[in-house]
Amino acid sequence: MSSFNTFEVVHPQERIYNLIPREEVHIEKSQRFRPTVVREKKITNPTMKTMGPAKVEVPSPDKYLKKHSKEPKLPESELLSCTRSYPRFEKPPVPTRTDHPTMGIHTKRDFIRTTTVVPKKPQPISVDTNRGHKQPLENSGLVPKYIKKKDYGEVPVYLQQRNEEQQRAQEAYDSYVREQKEQGAMKQLSDEERQSILERLKANWDKLHHEYQSLSLVTDMLSKKAHKERLEAAMKQLETDIEFFERFKILYVPNK
């Protein structure tokens, strides 16, 4: 017995039926898609998505691409309107040898004077900004033209009329005061009386101001609000009287 392992070949079992020829059986494959889907796919298939170049008609050699053939062309009506809006001006024809120039035409124009006119001087300007803003020098205010007027330095007419009206009103008031004083109906306050009245007015104002400062900050009641408004009105009246007595030194009062 050898030391090497041997493998036996297994043959199929022989039968007599294997010698009889058998018929080949064809198995039909089932369709993966419905027939309607296949038909729609064939109908809607684009030309450029097929295998290979699209089957189109090849242009003939006579119909080659010409210059300006793909530019948009205007309709005939618009073309006529464009030609009418821009008419062509033709030059007059050259005169012939038999044509004679027109003679005897005279004009009053002085050609010598027109050719010897002195050119105008440039208008003076003023530059008032660093960016070069320009304006006429006459309107800039740098030319002293107002001091050269005839009425420069004189009082205007409306001011003269106002001064005259004020003077007439002052004269009428002085005459009225003089008449009342002569009749004994008014008397002039002396300086001591005016100062004493002024001091009493200021003392009253200080008293009201102290009372006003002692009011509560919250005016939630109608009585508080009315009292505050009353104090403000009294203080304002006293301020008016004090200003009046300080402004005028001579005062007249009715003589009772």
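In what order do the elements of the protein chain run from the N terminus on? Here are some notes to get you started.

1. **The overall layout.** Starting at the N terminus, the order is α-α-α-β-β-α-β-α-α-β. That gives the protein chain six helices and four strands. The names come from DSSP runs numbered from the N terminus, with helices being H or I runs of at least four residues and strands being E runs of at least two.

2. **What you are looking at.** This is a predicted model, where local features need pLDDT of at least 70 and side-chain atom pairs count only at pLDDT 80 or more, while totals for chains, interfaces and linings use all residues. Residues are numbered from 1 along each chain as its sequence is written, and side-chain values use heavy atoms, with hydrogens and water left out.

3. **Surface and burial.** Of the 256 residues in the protein chain, 5% are buried (buried is under 20% relative accessible area, exposed is over 50%, and partly exposed is in between, using a 1.4 Å probe and protein chains only). The protein chain exposes about 27100 Å², and 56% of that comes from carbon and sulfur atoms. These areas are from the Shrake-Rupley method with a 1.4 Å probe; for residues, only the protein chains shown count as cover.

4. **Contacts along the sequence.** Take the contacts between residues at least 6 apart in sequence: 51% of them join residues at least 24 apart. Contact here means heavy atoms within 4.5 Å.

5. **The α5 and α6 pair.** Helix α6 covers residues 222-247, and its axis is 9 Å from that of α5, at an angle of about 155°. The axes are lines fitted to C-alpha atoms, for helices over the stretch in contact, and angles run from 0 to 180 degrees between N-to-C directions. The two helices are therefore roughly antiparallel, a label for angles over 145 degrees. Residues that meet across the pair include Leu-201, Trp-205 and Leu-208 in α5, and Leu-231, Met-235 and Leu-238 in α6.

6. **Arg-194.** Have a look at Arg-194 in helix α5, which spans residues 191-213. Arg-194 counts as buried because its relative accessibility is 5%. Its side chain makes a polar contact of 3.4 Å with the side chain of Asp-191 (a polar contact is a pair of N or O atoms within 3.5 Å; within protein, one must be able to donate a hydrogen and the other to accept it, and residues adjacent in sequence count only if both atoms are side-chain atoms). Leaving aside residues up to four places away in sequence, Arg-194 touches Phe-245, Glu-246, Phe-248, Lys-249 and Leu-251.

7. **Leu-251.** Next, go to the loop between α6 and β4 (252-254), where Leu-251 lies. Leu-251 is buried too, at 8% relative accessibility. Its contacts beyond four places in sequence include Lys-187, Leu-189 and Arg-194. Leu-251 and Met-186 are 65 residues apart in sequence, with their C-alpha atoms 9.9 Å apart in space.

8. **His-68.** This residue is in the loop between α1 (35-43) and α2 (76-85). Most residues other than glycine have a negative phi. His-68, though, has a positive phi, near 60°. With a relative accessible area of 48%, His-68 is partly exposed.

Conventions
Parallel < 35°, antiparallel > 145°, perpendicular 65-115°, else oblique.
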